[in-house]
Amino acid sequence: MQRNDFRIAIVGAGGIGCATAAYLRASGLPVAMWSPTGRRLRPHAQPGRARFDCVGALDGAVAVERLARLADLSDYSHVFICLPASHYQQVLQDAAPHWRDGQTLIVSGALSLVPLWLRQTAAAHGADVTAVGWSTTLTTAHFLPDGRLHLNAPRGQIGMAWLAPPEGAATRWPTAGPCSATGSRQPTICWPAPWPTSTRSRMRRR
């Protein structure tokens, strides 16, 4: 798999992981997902892909690339970690050997000192990463009894802080990306500008 400058993967396919994927896809960004169980992801007609259905602030089917191995995360420049706290230790310890220099790892939303621990475990395996902590999640969401994901509108702003290599994290955020950064080690505000601005947006079926 060829590495590009800006590729997004999400670890975790629960309500928050799928909601984050839905808004990124609605912004026109390709997304890959890895899940410990994958039980919320449905088969897709194309091999190597999966789908789930949304209602609420977004309405329609969301198609994503489905990663079969944690090792595949090394091919992605930005990795969102959307796991319940009870899964952090097992999943992230297993993922640690696969982080690589220059990656940005985003914990949504960060609990305690998890970004610091992520950076330290990556360094123990020889990788110098940027570890980002969001103060909360992009939105709230829950799965309905029929398996569809009900999404609420994205938050207006999200507090963000990070630990970065000496050159700083700001240079690794593309200008059209989901966050704007103002300094390498100072808290800043993440404005989800690319998300749909209307309360309800309809997604094209893929």
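Strand β6 (residues 78–81) runs parallel to β7 and pairs with that strand over four bridges, where pairing requires that DSSP finds at least two bridges between two strands, and where strands (E, at least two residues) and helices (H or I, at least four) are DSSP runs numbered from the N terminus. Within this pairing, I81 stands opposite V107 of β7. The model is a predicted one, in which local features need pLDDT of at least 70 and side-chain atom pairs count only at pLDDT 80 or more, while totals for chains, interfaces and linings use all residues. Residues are numbered from 1 along each chain as its sequence is written, and side-chain values use heavy atoms, with hydrogens and water left out.

On its other pairing, β7 joins strand β8 (residues 130–134), again in the parallel sense and over four bridges, with V132 of β8 as the bridge partner of I106. The chain passes from β7 through helix α3 (residues 114–124) to β8 in a right-handed β-α-β crossover, a term that applies if, with the strands pointing away from the viewer, the path from the first strand over the helix to the second runs clockwise. A right-handed β-α-β unit is also made by β6, helix α2 (residues 88–95) and β7. Strand β7 (residues 104–107) is covered on both faces, with T104 and I106 buried on one side and L105 and V107 buried on the other; buried means under 20% relative accessible area, exposed over 50%, and partly exposed in between (1.4 Å probe, protein chains only).

The structure holds four salt bridges, each defined by a side-chain nitrogen of Lys or Arg within 4 Å of a carboxyl oxygen of Asp or Glu. One of them joins D53 and R51 at 2.6 Å, N to O; D53 counts as buried because its relative accessibility is 12%, whereas R51, at 22%, counts as partly exposed. Another links D72 to R69 at 2.7 Å, N to O, and D72 is buried at 12% relative accessibility. R119 and D128 also meet at 2.7 Å, N to O, with D128 partly exposed at 30%.

For the protein chain as a whole, there are three helices and 13 strands, and buried residues make up 52% of its 206 residues. The mean pLDDT, the predictor's confidence in each residue from 0 to 100, is 79, and 75% of the residues reach 70 or more. Over residues 168–206, however, the pLDDT is below 50, although this stretch has 102 contacts in the model beyond near neighbours in sequence, a contact meaning heavy atoms within 4.5 Å. Where pLDDT is low, the predicted coordinates should not be read in detail.
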